[in-house]
Amino acid sequence: MPRGKSYRRSQAARKREAERHREVVSPKSDPRHPVAGRGTGWRHRVRAWPTSVHTGRQHKLVIPAEAPGKRFVLLVGASHLRSFADGIVAMPKDLYSFGVMSTPGGCADQLRTEVEHAVLPRTPDAVCVLAPSNNLTASINPERAGEAFGRYLASVCSAWPTAQVFAVDLVPRLTVLEDIQEFFRQEFHRVAARLGVKYYHHGDRFLLADRWLWCRDGLHLSDDMGTPLLMESLLAATTQHLETATPEVPCQVSPTPRRRRPARVVVVGEVRAPRPPPSEWTRVAPGRKANGAPLVLRECFIPLNPVWFSPGVLAAMETPVPSPVDAVSTGSKVINL
């Protein structure tokens, strides 16, 4: 008996529910798991290198022959420099003489250990540090990775104090979310700026949509497309840093300024001259100058105009304003107040 429309709807609902549940519990929700698939590029077969006694990882140091007139630039990094060390992809030799120190699988602390124990026949003119992308999985968070990267850069600067040290951005991966990689990238840039090391970005060169830039593991760059692009980025950063770098100016210690005593402000009020006695006053008429002659006072008498008030009015006026005299004469009789 054929099944009806309700059965097909039920099966579709179950399928949608199963897809929704798979999205929730899938390991793809973890940023450490693959999120963009595999690359489609080609990479050479890995060759075995000697194992370092300091880190237990494979390690290789390639120093080119001394070329007069060319500055020696040392590239320091992890497995992304393996193709340069093996000669699969060659760095240009017309402008600079590049050396390679590669430690595949090494994080920032392990790369720092190799730098501290490195023995070079001559001091490099510049050191290009490739930001450690292995710390994307080796470190718990970007802050811990930044601390390790800071120790790494400090060791490089101490190992070759006369060399110009600069850093190049980490190589992206297809196995880590792009936002997570951006957090690590910003933390590395902040740490490098704090140490005074120039940090060059090249994340816009490696787009995660271009699968041919990576090999099948999604971690390493392909030898046919990805690594040549990395070579161009390293060469551009080296040229920009060495050709445009300003000469270092030694720090000048300014002499300690002498301590000045604060100025004392004394506020003095207006001093008025004593008022001269009336006998020394000077009479000044309009339009005339004073001659300094003393003023002679004359007796002035203003005749009063007599006003007659009735006894009742005088008594009423005395109530609010008492008179200083004892009695007031009204002409006909005397009113005692």
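Helices (H or I, at least four residues) and strands (E, at least two) are DSSP runs, numbered from the N terminus. This is a predicted model, where local features need pLDDT of at least 70, side-chain atom pairs count only at pLDDT 80 or more, and totals for chains, interfaces and linings use all residues. Residues are numbered from 1 along each chain as its sequence is written, and side-chain values use heavy atoms, with hydrogens and water left out.

**Stop 1: one glutamate**

Select E187. E187 sits in helix α6, residues 178–194. Is E187 buried or exposed? Its relative accessible area is 12%, so E187 is buried. Leaving out residues up to four places away in sequence, E187 is in contact with P142, E143 and G146. (Contact means heavy atoms within 4.5 Å.)

**Stop 2: the whole chain**

Zoom out. The protein chain holds 8 helices and 8 strands. Of its 337 residues, 35% are buried. Take the contacts between residues at least 6 apart in sequence: 74% of them join residues at least 24 apart.

**Stop 3: the sheet**

Colour the strands. An open sheet is formed by 6 strands, in the order β1-β3-β2-β4-β5-β6, with mixed pairing. (Two strands pair if DSSP finds at least two bridges between them.) Select β1 (60–62) and β6 (198–200): these stand at the edges with a single partner strand each, so one side of each has no neighbour in the sheet. From one strand to the next, the twist averages 20°. (Axes are lines fitted to C-alpha atoms, for helices over the stretch in contact, and angles run from 0 to 180 degrees between N-to-C directions.)

Next, select helix α5, residues 142–159. Helix α5 packs on the sheet and touches β2, β4, β5 and β6. The direction of α5 makes about 165° with that of β4.

**Stop 4: strand β4**

Select residues 126–130. Why call this strand largely enclosed? Because 5 of the 5 residues of β4 are buried, the rest of the structure largely encloses the strand. Both faces are covered, with A126, C128 and L130 buried on one side and V127 and V129 on the other.

Now step to the neighbours:

- Strand β2 (residues 71–77) pairs with β4 in the parallel sense over 4 bridges. Find V73, which stands opposite A126.
- Strand β5 (residues 164–168) also runs parallel to β4, over 5 bridges. Here A126 stands opposite Q164.
- The bridge partner of V168 is Y200 in β6.

**Stop 5: helix α3**

Select residues 108–116. The buried residues in α3 are A108, L111, T113, E114 and V115. Against what do the buried residues of α3 pack? They pack against β2, β3, α4 (135–138) and α5.

**Stop 6: two cavities**

Rolling a probe the size of a water molecule over the atoms shows where empty space is left. On a 1 Å grid over the protein atoms alone, a cavity is a set of points where a 1.4 Å probe fits but cannot get out, and a pocket is an open set with protein on both sides within 12 Å along at least five of seven lines; lining residues have an atom within 4 Å of a point. Grid points are joined across faces, edges and corners, and a volume is the space filled by probe spheres set on the points.

The whole structure has 2 cavities of 30 Å³ or more. Select its lining: G77, A78, H80, L111, L130, A131, P132, S133 and V171. By class, this lining has 6 nonpolar, 3 polar and no charged residues. (Ala, Val, Leu, Ile, Met, Phe, Trp, Tyr, Cys and Pro count as nonpolar, Asp, Glu, Lys and Arg as charged, and the others, Gly among them, as polar.)

The second largest cavity has a volume of about 40 Å³. Its lining is R43, S79, H80, S83, H220, L221 and T227, divided into 1 nonpolar, 5 polar and 1 charged.

**Stop 7**

Finish at the second largest pocket, which holds about 260 Å³ of space. Of its 15 lining residues, select V62, P64, M91, K93 and F98, the closest to its centre. The elements giving two or more residues to the lining are α2 (82–86) and β3 (96–102). The largest share, 4 residues, comes from β3. The lining has 12 nonpolar, 1 polar and 2 charged residues.

Notes:
Buried < 20%, exposed > 50% of the residue type's maximum accessible area, 1.4 Å probe, protein only.
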